[in-house]
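Student: Could we go through this model together, one point at a time, with the conventions stated as they come up?

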Amino acid sequence: MVNLITESLLGSSLLKQESPLLNYSISIVIPCLNEEGNLERLFLNIEETFEDMGFSLPVLVVDDGSTDNSYQILKQISETRDYLTIVRHPQRLGVARVWKTALDYVQTDWIFWGQADLESDPRTDIPLLLKACVPGVDAVAGWRQKRGDGKVFASKIANTTCRLLFDLKIHDMNWIKLVRRDLLVNLPIETITHRYLLAVLAAQGYNVTEVATPWHPRYSGTSKFGKKRLLTSTIDFVKLWWWFQTEGRLINRQQQKSTDSVINYAGVVQQEIV
């Protein structure tokens, strides 16, 4: 009986911190908005990644209201890829809503958040993040090296601020990432926005780490973010700060208290077994 209780506790979401490579319970999620020139090459790279790793993973592409031929191309690609699921937003809803859609559809323990513009190459980046996700790690972020997209200044301000205020240890929170799904399902993503998911997890005491990843120029098309990015990031940060000072702090205390209680009880049960 005691053994069964211990196994149940150690298998719960509160203590589930094993590497995703132990059970391959990982989904690749890719947001897409007007990326018609990148999609065929993207999936060639993804399939090469699967071949190199020796296993495939489910892939979910969320088309966020593309007005070019992206959705038609995705439907054609999906006809020969059993691992691929496509969800389409009827109009552009934004990255936060893409995250919400992904959480509704993904059933695996981990989510790998990728890119459709090929600034991230899945052939290098998926294995790098998976390898860095050792037991005890709750999220891994890719840290863009030799980045040349003209957005470094705004990104540096946001990342530095979050390192100071939320005890975030990483340098690049708003890029590709591998994160435990169960940590996100109860977060108000539309309030804290996609930009600051890892900052919130760090503030809640979860282990967020990073790995250096190569940056590549966009293969085709144009960026969806312009000079207004700094302004919108600032507004989003103000919303995040207010949320964390009110509801967020309460969630943080409840989460930590629940985790500590389960860990302590598991320790007592293990002592009784001995």
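Student: In which handedness of crossing does helix 2 pass helix 3?

Tutor: This is a predicted model, in which local features need pLDDT of at least 70, side-chain atom pairs count only at pLDDT 80 or more, and totals for chains, interfaces and linings use all residues. Residues are numbered from 1 along each chain as its sequence is written, and side-chain values use heavy atoms, with hydrogens and water left out. Helices (H or I, at least four residues) and strands (E, at least two) are DSSP runs numbered from the N terminus, and a crossing is left-handed if the near helix is turned anticlockwise from the far one by less than a right angle, and right-handed if clockwise. By that convention, the crossing of helix 2 with helix 3 is right-handed.

Student: At roughly what angle do the axes of helix 2 and helix 3 cross?

Tutor: Axes are lines fitted to C-alpha atoms, for helices over the stretch in contact, and angles run from 0 to 180 degrees between N-to-C directions. For helix 2 (residues 39-53) and helix 3 (residues 70-78), the axes come within 10 Å, and they cross at roughly 35°.

Student: Is Asp117 buried or exposed?

Tutor: Asp117 lies in the loop between strand 4 (110-113) and helix 5 (122-132), and, not counting residues up to four places away in sequence, Asp117 touches Glu35, Asn38, Arg218 and Tyr219. Buried means under 20% relative accessible area, exposed over 50%, and partly exposed in between (1.4 Å probe, protein chains only). Because its relative accessibility is 8%, Asp117 counts as buried.

Student: Which side chain does the side chain of Arg218 meet in a polar contact?

Tutor: Arg218 is in the loop between strand 7 (208-214) and helix 9 (229-273), and is buried, with a relative accessible area of 18%. A polar contact is a pair of N or O atoms within 3.5 Å; within protein, one must be able to donate a hydrogen and the other to accept it, and residues adjacent in sequence count only if both atoms are side-chain atoms. The side chain of Arg218 reaches the backbone oxygen of Ser220 at 2.8 Å. Its side-chain partner, at 2.8 Å, is Glu35.

Student: What is the phi of Lys146, roughly?

Tutor: Most residues other than glycine have a negative phi. Lys146 lies in the loop between strand 5 and helix 6 (152-165), and counts as exposed at 80% relative accessibility. Although Lys146 is not a glycine, its phi is positive, at about 55°.

Student: What relative accessible area does Thr193 have?

Tutor: Thr193, in the loop between helix 7 (189-192) and helix 8 (197-203), has a positive phi near 65° and is a residue other than glycine. Thr193 is buried, and its relative accessible area is 5%.

Conventions
Contact means heavy atoms within 4.5 Å.
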